[in-house]
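Good morning, and thank you for coming. Please look at the sequence and the structure together while I take you through some of the local features.

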Amino acid sequence: MRILVVEDDPTLSRQLRDTLTAEGYAVDTAPDGEEGGFLGETEPYDAVVLDLGLPKVDGLTVLRSWRRQGIAVPVLILTARDHWHDKVEGIDAGADDYLAKPFRMEELQARLRALIRRAKGHAAAEIACGPILLDTRSGRVTVDGRVVDLTSFEYRVLAYLMHRKGQVVSRTELTEHVYAQDFDRDSNTIEVFVGRLRRKLGVEAIRTVRGLGYRIDEP
């Protein structure tokens with residue numbers, strides 16, 4: 001899963017990037033509304049953390065522009081303003097959730113997980129596919145109750161496929177959602193990660209759809 005953080009406070013931006021990366025996300029950051037708006041228009045994200053008080057272009061203007069263009073990515077607004085009318089304005093502009101500063105990082109993580117799950121059509125924190133169980137809260141993966149040890153990128157690939165369970169996902173799409181913008185992307189490595197996952201999971205859940213990509217199904 002790939003997240004965009006648009007935040008002008010360099011300390012908070014760094015904390016968000018490090019925390020979300022440690023949780024298994026690919027994270028891009030932008031220091032102002034101009035760059036953040038451009039990234040949101042040109043890159044595929046699974047969720048956005050958007051500050052309202054941004055330099056160059058404010059967060060509400062960025063959000064309204066995305067929604068006018070039909071960009072439906074889930075957006076969690078961050079703001080130092082905590083008045084009810086500010087929340088209403090943010091929601092009316094197209095935000096999916098709202099978090100006032102200061103906040104606990106654990107709450108932001110929980111809200112992001114919920115936004116992504118709902119956007120992909122999952123209500124529960126745990127996503128199951130046959131004997132495979134992915135706990136989005138802890139990042140733990142089990143097969144028939146057995147914990148499977150995955151690398152960061154293996155987890156990202158599996159998590160994206162699990163969130164898109166039953167749907168064909170191309171190698172290009174996987175590449176765009178498991179790597180951050182500044183990473184040296186190579187779609188060929190996706191095949192390597194899928195091969196490792198098949199061996200580690202020990203079940204035939206990840207299927208290759210010839211010429212199209214991969215799909216995870218009930219084994």
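D51 is buried, because its relative accessible area is 3%, where buried means under 20% relative accessible area, exposed means over 50%, and partly exposed covers what lies in between, for a 1.4 Å probe and protein chains only. This is a predicted model, in which local features need pLDDT of at least 70 and side-chain atom pairs count only at pLDDT 80 or more, while totals for chains, interfaces and linings use all residues. Residues are numbered from 1 along each chain as its sequence is written, and side-chain values use heavy atoms, with hydrogens and water left out.

To continue with D51: the residue lies in strand β3, residues 47-51. Strands here are DSSP runs of E with at least two residues, helices are runs of H or I with at least four, and both are numbered from the N terminus. Which residues does D51 touch, not counting those up to four places away in sequence? They are V6, E7, D8, G59, L78, T79 and K101, with contact meaning heavy atoms within 4.5 Å. An unreviewed UniProt entry carries the annotation "modified residue: 4-aspartylphosphate" for D51. UniProt positions are given in the numbering used here, feature names are shortened, and such annotations may be inferred rather than shown by experiment.

The peptide bond from K101 to P102 is cis, with omega near -5°. P102 is placed in the loop between β5 (97-100) and α5. Most peptide bonds are trans, and most residues other than glycine have a negative phi.

Two residues depart from that second pattern. K56, which is not a glycine, has a positive phi of about 70°. K56 lies in the loop between β3 and α3 and counts as exposed, because its relative accessibility is 64%. D144 is also a residue other than glycine, and its phi is positive, near 55°. The position of D144 is the loop between β8 (140-143) and β9 (146-148), and at 66% relative accessibility D144 counts as exposed.

D9 sits in the loop between β1 (2-6) and α1. Is D9 buried, partly exposed or exposed? D9 counts as partly exposed, because its relative accessibility is 35%. D9 and P31 are 22 residues apart along the chain, and their C-alpha atoms are separated by 7.5 Å.

I turn now to helix packing. Two packed helices are described by the angle between their axes and the distance between the axes. Axes are lines fitted to C-alpha atoms, for helices over the stretch in contact, and angles run from 0 to 180 degrees between N-to-C directions.

The axes of helix α1 (residues 10-22) and helix α5 (residues 105-119) come within 11 Å and cross at roughly 60°. That angle makes α1 oblique to α5; angles under 35 degrees count as roughly parallel, over 145 as roughly antiparallel, 65 to 115 as roughly perpendicular, and the rest as oblique. On the α1 side the contact is made by Q15, L16, T19 and L20, and on the α5 side by M105, L108, Q109 and L112.

For helix α2 (residues 33-42) and helix α3 (residues 59-68), the axes come within 10 Å and cross at roughly 20°. α2 and α3 are therefore roughly parallel to each other. G33, G36, G37, G40 and E41 of α2 make the contact with V62, S65 and W66 of α3.

The axes of α6 and helix α8 (residues 188-201) come within 9 Å and cross at roughly 85°. That makes α6 roughly perpendicular to α8. In this contact, F153, E154, V157 and L158 of α6 meet I190, F193, V194, R196, L197, K200 and L201 of α8.

Y160 counts as buried, because its relative accessibility is 1%. With what is Y160 in contact, leaving aside its neighbours within four places in sequence? The residues are M1, D46, K120, V169, E173, L174 and H177. Y160 and L174 are 14 residues apart in sequence, and 7.5 Å separates them in space, C-alpha to C-alpha.
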